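Please go through the helix geometry and packing in the model below, step by step.

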Amino acid sequence: MEHRDWTDGHVERWKPVLPDLDPDIEGAVTRMKKLSVHLRRVREQSLLDFDLERHEFDTLHKLAGRGGKAAPSELAADLDLAPASVTGRLDALEKRGFIRRTPSTTDRRRVDVELTKSGRATWLGAMDVLGDEEYRLLGVLSKDERKQLNDMLRRVMLAAEHPSPTSPGSTDSSSP
C-alpha cells in the first residue's frame, strides 16, 4: 500500500477543478512549500527556545560564517544593512555577552567583532535544532537519493534564477 500525505488529497481536490493540472508539478511544488513552512516553524521554535530574535540569530550566523571574527562593515555588507543598523545589533549582542568588540590588530582605526564562547554555544544550539530536523526529514532517503534530490533541485533553481523569456510559465502565475 502506498503511503499518502496531505498533498495527495490536495492534488485530488484540484484535479477536477483544473483538468490540465499536472499532478506531479502541483505535488512537488506544494510539498516544497509545506516543507519550507515546516522548517521555518522549527527555526522559529528554536529561536524561542534559545531566547534569540531572528535578527540576533542572523547576525551571529553571519559572524560565525566568517570564522567568528569580522569588521562591523563586513557584517553590514553580509546582512545587507546600513552600518548604523549593525551597530545597534552589535550593542545588544554585546550586552548579552554573545560578542565582544576589540581593537583591530592590523588597523588602529578599526574594531573587530568576535563571537564569544556563549555566543557560539547559543548560535550552535539554535543551528543544531534545525539541522537535526533537516537530517530527520532527509534521512528517509539514501545517500544516493539525497544527492539525486539535491542535483534535481539545483536544476530547478537554475531555471528559477535564469528564466527564459520564452519558456512556458515565465509569466507570473501561482498554483492553487
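The questions and answers that follow concern a predicted model.

Q: What distance does helix α3 reach from its first C-alpha to its last?
A: Helix α3 covers residues 54-65, which is 12 residues. At 1.5 Å a residue the expected span is 16 Å, and the helix comes close to that. Its reach from first to last C-alpha is 16 Å.

Q: Within what arc do the buried residues of α3 fall, seen down its axis?
A: The buried residues in α3 are Glu56, Phe57, Thr59, Leu60, Leu63 and Ala64. An α-helix has 3.6 residues a turn, so residues three or four places apart point the same way. The buried residues of α3 line one face of the helix, because seen down the axis they fall within an arc of 165°.

Q: Which residue with a positive phi follows α3?
A: The phi of this residue is near 80°. The residue that follows α3 is Gly67.

Q: Are α2 and α3 roughly parallel or roughly perpendicular?
A: Helix α2 (residues 23-49) packs against α3 with the axes 10 Å apart, at an angle of about 95°. Angles of 65 to 115 degrees count as roughly perpendicular. The angle therefore makes α2, relative to α3, roughly perpendicular.

Q: How many residues of the contact of α2 with α3 are charged?
A: From α2, Arg40, Arg43, Glu44 and Leu47 take part, and they meet Arg54, Phe57 and Asp58 of α3. Two residues of this contact are nonpolar and no residues are polar. The number of charged residues is five.

Q: Is Thr122 buried or exposed?
A: Thr122 lies in helix α6 (residues 117-138). Leaving aside residues up to four places away in sequence, Thr122 touches Phe50, Leu52 and Phe98. Buried means under 20% relative accessible area. With a relative accessible area of 12%, Thr122 is buried.

How values were computed:
Residues numbered from 1 in each chain as written. Predicted model: local features only at pLDDT ≥ 70, side-chain atom pairs only at ≥ 80, totals over all residues. Heavy atoms only, no water. Helix = DSSP H or I, 4+ residues; strand = E, 2+ residues; numbered from the N terminus. Expected span 1.5 Å × (residues − 1). Buried < 20%, exposed > 50% of the residue type's maximum accessible area, 1.4 Å probe, protein only. Arc of directions from axis to C-beta. Axes fitted to C-alpha atoms, helices over the stretch in contact; angles between N-to-C directions. Parallel < 35°, antiparallel > 145°, perpendicular 65-115°, else oblique. Contact = heavy atoms within 4.5 Å. Nonpolar A, V, L, I, M, F, W, Y, C, P; charged D, E, K, R; others polar.
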